[in-house]
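Please look over the sequence and the model shown here before reading on.

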Amino acid sequence: MDREERIKNACKKIVECINAMSFVNLDDQRVHSLVMMREIARGVVENRDRKVTKSDVTRALHSSIEKMASACRDIVYKLSKMSYKGLDDERIQSLLRVKEIACKHAKVASVGSDLLIRESLVGEETLPSNNVDALVGGAEIMMIEGSLEVEAEVRNEDGHNMVQKRPVTRAKRASDKGVQDREAQRKILEDEPVEVEAQLGNEDDQNQVQEALSQPLLPQALIWPPDDRVTLQWIQDVTSTIKQFSHNHTPSEFHSIMPIAVANKLIDSASSILSKEPNCVEINCHGEDSKVVVVGDIHGQFHDLLYLLENAGFPSENQFYVFNGNYVDKGAWGLEVFLLLLAWKAFMPHRVYLLRGNHESKECTLAYGFEKEVKTKFGDQGEYVYNKCLDCFKVLPLASVIAGSVYTTHGGLFRGIRIASSRRSRRKRIQRLELGSLNELSEVKRSLVDAPYEGLNILLADVLWSDPSHRQGLSKNKARGRGLWWGPDCTEAFLKMSKLKLIIRSHEGPDVRAGQHHLGDMLSGYCMDHDGESGKLYTLFSAPDYPQFGRKLYTNEGAYAVLKSPNFESPSFHSFKAVERPKADPFFTVDDEDKKASSNHEDEIASEDVDDEIDLGEQDLTSMQAQTSTAAISSCQKSSPVGMTSKVDFEALGISNPPSWTVLLPDDVDGTNLVQVPQAPEVEGLPLPPNLEEPHKSAYEYFFKLIAGLKHMLQTRETESKGQKRRRHD
């Protein structure tokens, strides 16, 4: 064994010995010295180069205090879940007393943690013992007034436990500095002596308590870095804590490991970075060893994301990441996915780039579960956290250009802001769609929570919702209700105009491509859609075995793309299978039939007849009107906005032709246009009385939502029309 190995082994033993020690009878100066020694030894074991500072000791003590608070919360949680049936009054009072003590010590630990941070920030040499009366260096010291001996469990930072008998004394009298604050804390700590060992008499009582205590403990609650700087170690803690929690606990307990204060800080930190980025971020990565990993839709599949990061390699100085959006909805862990990626963004803002997908919107998250997920995981504070996420969605960039040669986005290409017109007569004219440029994309107002169906900011809908087609030209995407279809000629023109060589977009998975025969099926997680003289177009999807919930599941692989210097335009694609996931329930409530329709909404709209793809610049007005009317008739029974597909049994109610979510409205050329009714943010009349029976209940819900959608659409159109008239007048 060489000298370096012997030194490491010796340091490892030092760490283990200090972890096994009891700090009960030590003053604060000695505790600081021991923790400093342990951190120095740990640095040797872990090959850390930097010196151990006083702030490292402060963080270690702060972490230990937080862990004790979490342990106390675990005790409170388990006792709250217990049934006291069959216990006599004395035993019930004993258990309630234990719960009360745990509650107080959880609060005291939090106070001590805050004081510790405050003292460290003002540069105090040591932490006065009066400031922290409970838990020093990981030792749980139950300060109960009196001189009785009680059993105190000492739990250090690395999880070693020991039980010892010791005298418990009154907290020290406060020093001159901060007398009132510390005196108040001392009073909180004082308790009457109490016998906490409940001698449960019968076997049923013992089994009941044993069952309650045998439930897996919650992981330690995450704490925000004291210096407001996200580190790699903190991201690793977030990852391991969430992963452990997902396997053993219910979503409603999530706030216990991710306090709202931590989530709030994380979202704010990342949002402040994202808001400063342009609509299309330029990623300069021309280093000799540089490479960029591009990721497609994730849809709340947290464990698959972890595998992808481990398999592709974590972000680093030489490894960039570009995520093409759709982090949330349809999967059970959308919030976890989004928060983890925000943490990486906060840690490496110039190496990790997060783009917006169409599901990063209010209408999609209301329909596909993210809103309910957040409210389930944060309870009464869920509405606040959900709105924070929506605000963050609005500042996500829309596209990226990598190394000046590769364009990535969620949906795809977009129209020009200025629409050319082709005059057929003095009375009628046809509007032509023209391909937009990167300069026009930079002018889009992205701070809208939902992409508009029309108006000046319709480019936002294009870049989030558009799809490639095998047919030439640029046309309205009537299947999705917004966005465009663009053909190989448009891809070629965009690449040539922008001086680019490659496009990688996402937005379509195997469910969407299942009804199409001219493009790839996406079962490998990627496919090449266009191949022209100037470059290629790929679609990339990173959620394997998609969707997580639904009657029709696809055993598809996910994939990610790797672009390496200097040939960034020649990507390599890496497919991967789904990893094992914990059991979970969906956050959008649908029956078996609705589940299929809801989860595979894109499947329905993508399988529309390809003849609906109309090149508006080629068709004359009469042809356009005829095709629009035909489309309206054929889609009347099945068109609906995202999440609104209904399987109401109208025939049982004697309704043979129910109203559709697709309506014909007059356009600007004296014709009609097929318009899909959007989902309204609020629906009057819901929820319905619980005594209504099916199919009447479902029918009423369908009509209420449709009426609200029509009202919302008409109000929106009227507002935009007035705005346009006012701008023309001005």
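## Briefing

Isoleucine 503 stands opposite leucine 537 in strand E16, where strands (E, at least two residues) and helices (H or I, at least four residues) are DSSP runs numbered from the N terminus. The model is a predicted one, in which local features need pLDDT of at least 70 and side-chain atom pairs count only at pLDDT 80 or more, while totals for chains, interfaces and linings use all residues. Residues are numbered from 1 along each chain as its sequence is written, and side-chain values use heavy atoms, with hydrogens and water left out.

**The sheet**

- Strand E14 (residues 502-505) and strand E16 (residues 536-540) run parallel and are joined by four bridges; two strands count as paired if DSSP finds at least two bridges between them.
- Both strands belong to an open sheet of six strands with mixed pairing, in the order E3-E7-E8-E14-E16-E15.
- Strand E3 (280-283) and strand E15 (526-531) stand at the edges with a single partner strand each, so one side of each is left without a neighbour in the sheet.
- From one strand to the next the twist averages 20 degrees, with axes being lines fitted to C-alpha atoms (for helices over the stretch in contact) and angles running from 0 to 180 degrees between N-to-C directions.
- Helix H17 (residues 488-498) packs on the sheet, where it touches strand E8 (406-409), E14, E15 and E16, and its direction makes about 120 degrees with that of E14; contact means heavy atoms within 4.5 Å.

**Strands E15 and E16**

- E15 and E16 form a hairpin with four residues between them, and they pair in the antiparallel sense over five bridges.
- Methionine 528 has tyrosine 538 in E16 as its bridge partner.
- Four of the five residues of E16 are buried, which leaves the strand mostly covered; buried means under 20% relative accessible area, exposed over 50%, and partly exposed in between, with a 1.4 Å probe and protein chains only.

**Helix H1**

- Helix H1 (residues 3-20) has 18 residues and reaches 26 Å from its first C-alpha to its last, close to the 26 Å expected at 1.5 Å a residue, the expected span being 1.5 Å times one less than the number of residues.
- Its buried residues are Lys8, Cys11, Val15, Ile18 and Asn19.
- These residues cover an arc of only 105 degrees around the axis, which puts them on the same side of H1; the arc is that of the directions from the helix axis to the C-beta atoms.
- Helix H2 (28-45) is included in what covers the buried residues of H1, whereas the face turned away from the buried side carries the exposed residues Arg3, Lys13 and Cys17.

- In helix H9 (residues 260-274), the buried residues are Val262, Ala263, Leu266, Ile267, Ala270, Ser271 and Leu274.
- They cover an arc of only 155 degrees around the axis, which puts them on the same side of H9.
- The buried residues of H9 pack against several elements, including helix H7 (232-248), H11 and helix H13 (370-378).
- Glutamate 336 is found in helix H11 (residues 334-347) and is buried, with a relative accessible area of 2%.
- Not counting residues up to four places away in sequence, glutamate 336 touches Ile242, Phe254, Phe302, Glu373 and Lys377.
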